[in-house]
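Please open the structure in your viewer and keep the selection panel at hand, because this tour moves from one selection to the next, and each stop says what to pick and what is found there.

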2 protein chains.
Amino acid sequence: MNNAVTRGTLVSRLQDALGATAVLGEASDTAGYTEDWRGRYRGEALCVVLPSSTAQVSDVVKLCAAAGVPILPQGGNTSLCGGAVPPAVGAAPVILNLARMRQIRDVDAANGSMVVEAGCILKTVQDTAAAAGRLYPVSLGAEGSCQIGGTLSTNAGGTSVLRYGNTRENVLGLEVVLADGTIWNGLRALRKDNTGIDLKQLFIGAEGTLGIITAAALKLHPLPTHHALAWFAPRDPAAAGQILGMFQNACGSRLSAFEIMNRHQLELVLANVPNRRNPLGGAHDWHVLVELGDTRDAEGLEAVLTETLGEAIERGLVEDAVIAANETQRADLWEVRHSVSEANKKAAVGLTTDCAVPVSSVPAFIDAATRAVQAIVPGLDIAVVGHMGDGNVHFIPMFSFDDWDALADSAAMGDAMRACVNDVAARLSGTFSAEHGVGQTGLPLMARYKSPAELALMHRVKAALDPNQLLNPGRLVP
Amino acid sequence: MNNAVTRGTLVSRLQDALGATAVLGEASDTAGYTEDWRGRYRGEALCVVLPSSTAQVSDVVKLCAAAGVPILPQGGNTSLCGGAVPPAVGAAPVILNLARMRQIRDVDAANGSMVVEAGCILKTVQDTAAAAGRLYPVSLGAEGSCQIGGTLSTNAGGTSVLRYGNTRENVLGLEVVLADGTIWNGLRALRKDNTGIDLKQLFIGAEGTLGIITAAALKLHPLPTHHALAWFAPRDPAAAGQILGMFQNACGSRLSAFEIMNRHQLELVLANVPNRRNPLGGAHDWHVLVELGDTRDAEGLEAVLTETLGEAIERGLVEDAVIAANETQRADLWEVRHSVSEANKKAAVGLTTDCAVPVSSVPAFIDAATRAVQAIVPGLDIAVVGHMGDGNVHFIPMFSFDDWDALADSAAMGDAMRACVNDVAARLSGTFSAEHGVGQTGLPLMARYKSPAELALMHRVKAALDPNQLLNPGRLVP
């Protein structure tokens, strides 16, 4: 089938193989695939292909390999760092979007597993698991539109990492189309399998550079049916860290969320999003949302929540606290947390970062990053919001729209601000990308923060699995 | 330093580099390193080196690479499949034993992490974590002598996988000496880090074929302080599976063990190990030990245990049950479970297997394997003991010593028996090695059960990381 295929004939050969409706060539049809959802990244594509089966994905890869045209695998195009769209310069790739591979192949509640195709929407996977009385725990803002293949390729994090780990910890097996079109069926749904190199780990978080994930065997958990939630004002981040330890000791794995934000972040939410109320009476510098979840025993949950918070108050670690009295209040408090992105977008220019440090270093990180940023712009506003239980803090220097526009070189200011925050994280043995991935934004940071040994190892793995640089060339490893 | 080193001068060059007491050359000194602890595997070594630091490991690797002499990395030499000793044929390697690298570099209770060197004994790691009020959950029979580097290189399983996962799930970062002597420092102790290929995953479970793990950042958990345990007789394995589901729904992650054994296995323990008593009054075909653990609330634990078992009895799934009334009774019941290896060794020739299948397929696996084995030897005794919650069943055809000696070709019988059990697992999408690894025993099985695509991928990764076949050549991937 690959005889004489060239860049010039590739589109028609793809149409022959998949049918005309599975190959989009006109710019008007491909716009939604070549530009990211926030409009910040845009690149040309030779065409967009929409295969419906693993065999078709393999056909596409073989044709592109024969024509020497690179492939950009794409899921729901919800990346926060330009990872899902083509680069602005360089050879236009074929975008291989997995959206038509949406079959749920198997649900095995007794084994705690399900097998799904890469194009399934995360929310569909969660709902299907719940209908079988099980939990697929990965949960994040884009869950209504992101595809499971994208969450696998970026090792997506989200709000349940503290309790259930990242996407990586919730995968049992994968099906992958390799760079030469070979289909590797590694869809084993086993809890234990020590037979050689654990190949699936290579493809999780590789952002499509080593193979194209077409299906996955996911790990399911017992479904928590009871929750208890509190909002409290810790004295400072160090006190929040101590209270996190108290909850871990008291509640073990019942602790399902421990989210922190600072006063400025809360004020931005209250000022910019309608119908959001301050959970506590007065004004406090720091805020924490803590949630417990369990498969039973709501009264016990609330008791341990009250007891642990009471102890923290006695020790002088907490200034004020409120416990959600019912599901409505619980939802309202989560809404405050979930309104952060909307608020920040409306309020100002926020220079979002995505650092993680050891949990024990979170107070030091916030402190040092604040000093570093304010050494550049004295008194600059900073929003802090983070998954404190994972050591993952979004530390966001904020410029008013006027101040931003008045800057002589705002791009340079953005780079300088992010660099000093990421440098602080690096000094504390942290990372510049906890959960967003590398994409286009992070590529220069890989060169800055990774050791030569580490980059060399990544290059070797890439060369071993994709020797002709067919899959997402130039991405992930600079 | 590597000028002119040859196989002939390697030992003296190693002595120059590490000091004479760190290089063992005499057969009398190396015997404990060249033979496995059960006396089943033995091979020659050029010498045994005992480096004390990562830099020394790097020096050894560079010298061996220059001399073209392969290296066999070794931990506590507790492998159950000949993984830790040299092959009986082929070039004698340098054994690089990590026993002198025993430093605990860091314990960070607030971050839930500790950094340990590869030679640390597993039990020491567990105890050090507990002293800091934290749990390192990996637990297995050899924990008093196996080294953490060995547990990492084999992705060790054990009795706590149901609750905490395999060793892989409890690693945050690694320090590894690569095949060219480069030291890769990947000792990040982060819960989230999405910056490129997750390199540590390559070395976990690779049995020393891709690099030499010298240190690890391990994940710690809140320390469970309360337990409740029951021993019960399910009607059959299918009923045991249903009850497992009931416990998962009722207890979530409080469920910390769900171990099954059959009547023959229990009888072997009672007949061959002193002071072991039948936990239940009468005789039953199947037995399960179930344990719950938590950071608080002993009464609540026992209540949910009693309640769930009561429901299973009502549904006719359980023939009899007993709940441990105190810590002594709990220890006694665990002793019955832990006496299995000793009993089987004394009682007969047991052809141990280590299959895992989807949890939902455990009853079908036991049924089909029993029929397959008894088709070869009608009425043959079979011991079944397994971690049912992980789908990991040790299915053990048992021959009396007399019957075994009377066989014309006992090796062929052993192979035939294991093959038919492993074939049943493969038909049920299972594996021939759930937790023991590949070692020497499993190498022919890799060729039998792995797809060409999978073996080819593993070879590519091996060639990329160890192009000169220096590290454990010929192991892991046939």
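For the classes used below, Ala, Val, Leu, Ile, Met, Phe, Trp, Tyr, Cys and Pro count as nonpolar, Asp, Glu, Lys and Arg as charged, and the others, Gly among them, as polar. Keep in mind throughout that the model is predicted.

**First stop: an enclosed space**

Rolling a probe the size of a water molecule over the atoms shows where empty space is left. In this model the count comes to 4 cavities of 30 Å³ or more, and the second largest cavity holds about 50 Å³ of space. To see its lining, select G158(A), T159(A), V161(A), L162(A), A257(A), F258(A), E259(A), H387(A), M388(A), G389(A) and D390(A). By class, this lining of the second largest cavity divides into 5 nonpolar, 4 polar and 2 charged residues. Next, colour helix 6 (161-164) and strand 13 (255-262) of chain A, each of which supplies at least two residues of that lining; strand 13 of chain A gives the most, with 3 residues.

**Second stop: two helices**

Now select helix 9 (residues 263-272) and helix 12 (residues 340-347) of chain A, which pack at an angle of about 80° with their axes 8 Å apart. Angles of 65 to 115 degrees count as roughly perpendicular, so helix 9 of chain A is roughly perpendicular to helix 12 of chain A. Showing side chains here, you can find Q265(A), L268(A), V269(A) and N272(A) of helix 9 meeting V340(A), A343(A), N344(A), K346(A) and A347(A) of helix 12.

**Last stop: between the chains**

Finally, display both chains, where the contact takes 79 residues from chain B and 79 residues from chain A. Together chain B and chain A bury about 6400 Å², 53% of it on carbon and sulfur atoms. Select K192(B), N194(B) and I197(B), which supply 14% of the area that chain B buries against chain A, more than any other three residues.

Technical notes
Residues are numbered from 1 along each chain as its sequence is written. Chains are lettered from A and ligands numbered from 1 in the order in which they are written. This is a predicted model: local features need pLDDT of at least 70, side-chain atom pairs count only at pLDDT 80 or more; totals for chains, interfaces and linings use all residues. Side-chain values use heavy atoms; hydrogens and water are left out. On a 1 Å grid over the protein atoms alone, a cavity is a set of points where a 1.4 Å probe fits but cannot get out, and a pocket is an open set with protein on both sides within 12 Å along at least five of seven lines; lining residues have an atom within 4 Å of a point. Grid points are joined across faces, edges and corners, and a volume is the space filled by probe spheres set on the points. Helices (H or I, at least four residues) and strands (E, at least two) are DSSP runs, numbered from the N terminus. Axes are lines fitted to C-alpha atoms, for helices over the stretch in contact, and angles run from 0 to 180 degrees between N-to-C directions. Angles under 35 degrees count as roughly parallel, over 145 as roughly antiparallel, 65 to 115 as roughly perpendicular and the rest as oblique. Contact means heavy atoms within 4.5 Å. Buried area is the accessible area (1.4 Å probe) that two parts lose on being put together, summed over both.
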